[in-house]
Amino acid sequence: MSLPIAELVPSHIRSFEAYVPSRPDPELMRVYKVDHLHRLNNNENALGPPPAAQRVIDGFEPPRSAIYPSGDCFFLRQALGERFGMDPERFLVGNGSCEVIASVIKAFCEKGDNIITADKTFAVYEWVAEFSGFEARLIPLLDYAFDPEAMLAAMDGRTKILFVCNPNNPTGTWWNRQTMERFLARVDGRAIVVLDEAYREYVDDPDFPDGMELMERHRNVVVFRTFSKMYALAGLRVGYVCGQKDVIDYIRRTHIVYSVNGLGQLAARAALGDDAEHILATRSMVARAREIILPAFRELELPYVSGAGNFVMVKTPASDSLIYRQLMRRGIMVRTMTGFRFPNWIRVSLVQEPAMRDFLAGFREVVTQVREDAEGEEA
Amino acid sequence: MHSENRLILELPPDVAFLPAATATAENAAEVFGLDRSGALKLSLAVEEFFAYLCRFAGREEPLRLTLSQGGTFVRVAFRFRAGEVSLRALNFAASVDLDEESGSLGDELGLLLASRTTDRCSLESSGSGVYVLQAEVDRNYPEAEPLRTPQTLCPPIRVPRTEDEPLHAGLLQHAALLAAGHYPVRSCPNSFFRPARFADMVAAGQYQALLAQDGADKPAGLLCWRNSGPRAVVFSGPYIFDDSADQALGQEAARLLVERFLSMVARTEALCAFSERPTPDVPKGWFERLGSLTLRNEAGAESAGKPQAALFRHLREDVGGAVWAHADLEPFLTRQYDRLAFSRDILRVEPTRTSRLPQHSLLATSLDRRRGLAILRPLLDGQDFAANLAAHVQALREEDVDNAPDILLHLDLSEPWQAALFPTLTACGFQPRLILPHAGASDLLVCQHVPADS
């Protein structure tokens, strides 16, 4: 008698629910019967990549697709080493930072170990730990920010990694230099501390702690960065981890080679060399979008959380999924926050003015409608 | 083969193995916690099912008998292959015609007996001639008197994390009895009146529950939920135990319960949460109104005849979907989906040719006498569907002539054959009332029977 397939599957996989990504835009447009879609759901940089990266992408000759990429992103790591004044061997590049999250967890955790992160943050740390069979200790946010004291209190002898999303997605809160230094001092090298700085290029506050600098004093610190956000190469999936050489050597043992495509490597390298004006232009676009959107939220008397990064979170007067569906009918895609454990909040990416104005027009209509419906039900 | 709470036996479809099947069932039932009487009921069901299937199931494969412990019940399931199977005796409205000259009399009498002695029977079809016939026998639990003592809460209100520590069974039972005493019968799961059963259901994972407690650790509120199909959770509550004038702490408990509930189900396989019996304490702005049912029959309740809203919310972004619909149902669906801003492709279904159908249909009936509510679900189509449905309505109305139960019927719109039944339902007095998104394999349509005399 053959075994049911489920009997072959470890219990932590059986109980894990696979993430279901959004459908492709054309399918969503068909389903919601709209002829356009403003993508305000994934914190993409609507300006597109820096000009040098765009030129690389334009000039990529199709026959090059037949050639394997550099298996360890040789030239891109050299460029990163040059940018940060470090040995290129201290960088490991992955297919987006999600891949390097998995590599770090595989490198340091074994049966019975745990990781610590926040309950309301980028979900991939928690997911990778759980489907790998490790406990994810989720610490509630404190005033929308990571709670250093509670994270420290949750540590035990089996804690291997603490993930700090700085700035945090989706709240945009961040630890300043002092908070970070105190935290690292108290961790005292007992576990790896991952600083996920996916949105760090959006912060220009001098009090924002630089992970690249911190790891020189705290050898247990590793830093994640990505080309998906500020550098607008999300479609090519390039992210990286940087740490002390011995730490990276261990992570490399669990890391898949050849996972980063050739065009992505070329475009990321070009983007890195042409980012100064791009970063200023993007920050300016985000600031302008914030100027447009926040007064409207205040006028609608809706609480919002607006920190660092190219997004804001706003509390909705009805189910976030209802607001999503109503906005989709108007060609506007936002991110519902129930899955981030913020039910009745949506996250909105900050992009160019016309799209923000379209969003606000639709959002006002929807909020007015749900408020009228609620009044009607009460009456 | 076995696991801690499950036992699987494969037997040739031969009555010579009947003693092996019944002895195994009786033994497993006792090991899994049924008393002597319950074990005999289960053993009887196995005997009748096995004998029946030996005659009618395909002979090319063994019969797979699975006995499992479900916390508060023991389940027997037979998996078998058959081209066409008549299980009409499992219908709630079934009766055996003693004058019938068919040779199946004895067979159906056995099935009828099995379906009446167990607490629940169901049949699932995989669509390729493979069926799973199941019966469940509940463990016995004592009934307890609901608690109506007025409660005043003291701050602060908190909802302990059940991920860290399971809820204490005594506290759960206390809260269930408070809910049973503070809310109409129809708002409460039946198990609230047998609180030890409720606590065991929570311990076994049949229900999940959250408890709010006040500053003195008294129960301040309760919310519970269970899966409904693979992609939905159905919740009951929140039940709030605050008899103070302003109920500020009660409202706080309700908000905390709902927030924690949504946080807990948000990263599970569930796509949505809904409730067909929400309490008035559901905080505003968290759920959408799907529609309402007119509940005529709340025995002894003041709210009799009042529309009962059904509430819903997605837990993820809706990516659309497809449902089957008969032309007569399409306007209702279009109106509802548009009002709710659901994106659905409505696929037109043609009526099934009667000549292609098996002779007998099968309906699952869930009758809750305490709440005065019956829910029908079509399991198998058949040439006699219209007559069978009418017989069910009649039988249910005769259950209690003075206080007949409200009758709902759930149609799974992922099944074209079920969607094609719609004209038959309307002819029998059913009206479409609301859609439960993702509550079945796809959306469920809830129809309510409206008696001609109402």
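The model is predicted: local features need pLDDT of at least 70, side-chain atom pairs count only at pLDDT 80 or more, and totals for chains, interfaces and linings use all residues. Residues are numbered from 1 along each chain as its sequence is written, and chains are lettered from A in the order in which they are written.

**Chain contact**
- Chain A gives 24 residues to the contact and chain B gives 25 residues (in contact: C-beta atoms, placed from the backbone, within 7 Å).
- On the side of chain A that touches chain B, H13(A) has the largest share, 5 residues (helices are DSSP runs of H or I, at least four residues, and strands are runs of E, at least two, numbered from the N terminus).

**Nonpolar cores**
- The largest nonpolar core has 108 residues (a core is a set of buried Ala, Val, Leu, Ile, Met, Phe, Trp, Tyr and Cys residues joined through C-beta atoms within 7 Å; buried means 20 or more other C-beta atoms within 10 Å of a residue's own, placed from the backbone).
- Helix H5 (residues 97–108) of chain A gives the most to this core, 7 residues.
- Domain 1 (5–48 + 276–378) and domain 2 (51–272) of chain A both contribute, so this core lies between them (bounds come from an automatic or database domain assignment).
- Val104(A) and Ile105(A) have the most contacts inside this core.
- Beyond its neighbours within four places in sequence, Ile105(A) contacts residues including Ile115(A), Val128(A) and Phe134(A).

**Domains of chain B**
- The assignment gives domain 1 (1–139), domain 2 (169–295) and domain 3 (318–454).
- The C-alpha centres of domains 2 and 3 of chain B lie 27 Å apart.
- In chain B, 17 residues of domain 2 are in contact with 16 residues of domain 3.
- S11(B) supplies the largest share of the domain 2 side, 5 residues.

Technical notes: Contact = placed C-beta atoms within 7 Å. Buried ≥ 20, exposed ≤ 12 C-beta atoms within 10 Å, placed from the backbone.
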